[in-house]
Amino acid sequence: MRNCEDIQMKFYQSGDEGAKLLPVSIKEWEEKAKKTLAAGPFDYVNGGAGAGDTMRANLEAFQKYQLRPRICRDVSKRDLTIKLFDQSIPVPIFLAPIGVNSILHPEAELAPAKAAAQLGVPYILSNVSTKSMEEVAEAMGGALRWFQLYPPKDHDLTNSFLKRAEDAGYSAIVVTIDSILLGWREKDLHNAYLPFLSGEGMGNYFSDPVFRSKLEEPPEKNVKAASRKALDEGNNTAFTWKELEYICQQTSLPVLLKGVTHPDDALLALEHGAAGIIVSNHGGRQLDGAVATLDVLPSICEAIEQKIPVLLDSGVRRGADVIKAMALGASAVLIGRLYAYALGVAGETGVREVIENFIAETELQLAISGRNSIKEVDRFLVTDAYR
């Protein structure tokens, strides 16, 4: 992986060729994705629940905190390495689980998976990926990957997904519980756009022997019925802490609970077997008017007392956001829409470009803040602008 100075110089030395380079800022990527993609796919990624208040809150929360750098420190050598579940990871950045990548690019999940593998960034594969978990694993080789699980109602299907993930070399399970029903997403409703109904994002279901055995007709003959069956499995409104315990008991892999925004739920997750927590509100796509993830991160970290890792999702857009989140207690962060826009614009090349630039910006922020290791980032680095 190139260092941050090399990444910057690539742009500065481009000269007249600069106009031909891929976008730099997230805003540019978003604008180009809007021009590249049809309204349905773009709005599916770009939109949120209701009025979009939770999406805005996620972004605005990062503005409440300001970095307070220290100077005259030797930052000539930088280290972004973290350790999670006894694994050394070169950067504190994960690619968040984003489903139905096939609506953005023909290579679907294979493109971000390969880009992540090349750059040493862990990839969390969505449960509702168009490419199966085995196909993605093959594309990634030995690179670090986790599997997201929308817990099915059917325990047999749950067990099948867990075993397949273990066999395919995924090293953790991310149980996502803030999406037991689809949020009220006005853009998708206006576009009458739900890609799952046509079989997009159904790679893990349609390739699963247990799921197929429950169908009256195989997906090849009745894709709509099979898709509706899969969606019904994912709408697990009866999921309880007892169900989380069941999942933890069925796998040897660490289980993280994604969708936590309350410290009491964080403690319950720990009590019922979770090996980690991902503070997330689904990028503002589920509950409108909800709390921003960064706002609740400190209270959750205080409750957990470093007993298990706490990761942050939703609203992360800049390298400064990574530093702020880690200063407030996060073990790592997840990025989502950033790489989704890049995937829609330029496939694997675009995703690789976004990740590389994002890492470079994070490394620069670390150094300019007066730290040479991500391990040195602590609460003293940030100040609450509203206090």
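How do the axes of α5 and helix α6 (residues 133–140) cross, and within what distance do they come? They come within 9 Å and cross at roughly 35°. Here an axis is a line fitted to C-alpha atoms, for helices over the stretch in contact, and angles run from 0 to 180 degrees between N-to-C directions.

Before going further, a word on the ground rules: this is a predicted model, in which local features need pLDDT of at least 70 and side-chain atom pairs count only at pLDDT 80 or more, while totals for chains, interfaces and linings use all residues. Residues are numbered from 1 along each chain as its sequence is written, and side-chain values use heavy atoms, with hydrogens and water left out. Helices (H or I, at least four residues) and strands (E, at least two) are DSSP runs numbered from the N terminus.

**Two helix pairs**

Two packed helices are described by the angle between their axes and the distance between the axes. The crossing of α5 and α6 is right-handed; a crossing has that name if the near helix is turned clockwise from the far one by less than a right angle, and is left-handed if anticlockwise. On the α5 side, the contact (heavy atoms within 4.5 Å) is made by Leu-110, Ala-113, Lys-114 and Ala-117, and on the α6 side by Glu-135, Val-136, Ala-139 and Met-140. By class, this contact has six nonpolar, no polar and two charged residues. In this scheme Ala, Val, Leu, Ile, Met, Phe, Trp, Tyr, Cys and Pro count as nonpolar, Asp, Glu, Lys and Arg as charged, and the others, Gly among them, as polar.

A second pair joins helix α13 (residues 263–271) to α14, with axes that come within 8 Å and cross at roughly 35°. The α13 and α14 crossing is right-handed. Pro-263, Ala-266, Leu-267 and Leu-270 of α13 meet Ser-299, Ile-300, Ala-303 and Ile-304 of α14. Seven of the residues in this contact are nonpolar, one is polar and none is charged. An α-helix has 3.6 residues a turn, so residues three or four places apart point the same way.

Helix α14 also holds Pro-298.

The structure holds three cavities of 30 Å³ or more. On a 1 Å grid over the protein atoms alone, a cavity is a set of points where a 1.4 Å probe fits but cannot get out, and a pocket is an open set with protein on both sides within 12 Å along at least five of seven lines; lining residues have an atom within 4 Å of a point. Grid points are joined across faces, edges and corners, and a volume is the space filled by probe spheres set on the points.

The largest cavity has a volume of about 570 Å³. Of its 34 lining residues, Pro-97, Gly-99, Tyr-150, His-282 and Arg-285 are the closest to the centre. The lining divides into 18 nonpolar, ten polar and six charged residues, and α11 gives the most to it, with three residues.

The largest pocket has a volume of about 480 Å³. Gln-306, Met-326, Gly-329, Ala-330 and Ser-331 are the closest to its centre among the 22 residues that line it. Strand β2 (82–84), α14 (293–304) and α15 (319–327) each give two or more residues to this lining, and β2 supplies the largest share, three residues.

Helix α15 is largely enclosed by the rest of the structure, because nine of its nine residues are buried. After α15 comes Gly-329, whose phi is positive, near 120°.

Buried means under 20% relative accessible area, exposed over 50%, and partly exposed in between (1.4 Å probe, protein chains only).

| Residue | Relative accessible area | Class |
|---|---|---|
| Asn-101 | 0% | buried |
| Ser-314 | 4% | buried |
| Pro-298 | 27% | partly exposed |
| Asp-86 | 70% | exposed |

Asn-101 sits in the loop between β4 (93–95) and α5 (110–119). Leaving aside neighbours within four places in sequence, Asn-101 is in contact with Ala-108, Glu-109, Pro-112, Tyr-123 and Leu-343.

Asp-86 belongs to the loop between β2 and β3 (87–89), and its phi is positive, near 65°. Ser-314 lies in the loop between β10 (310–312) and α15, with a positive phi near 85°.
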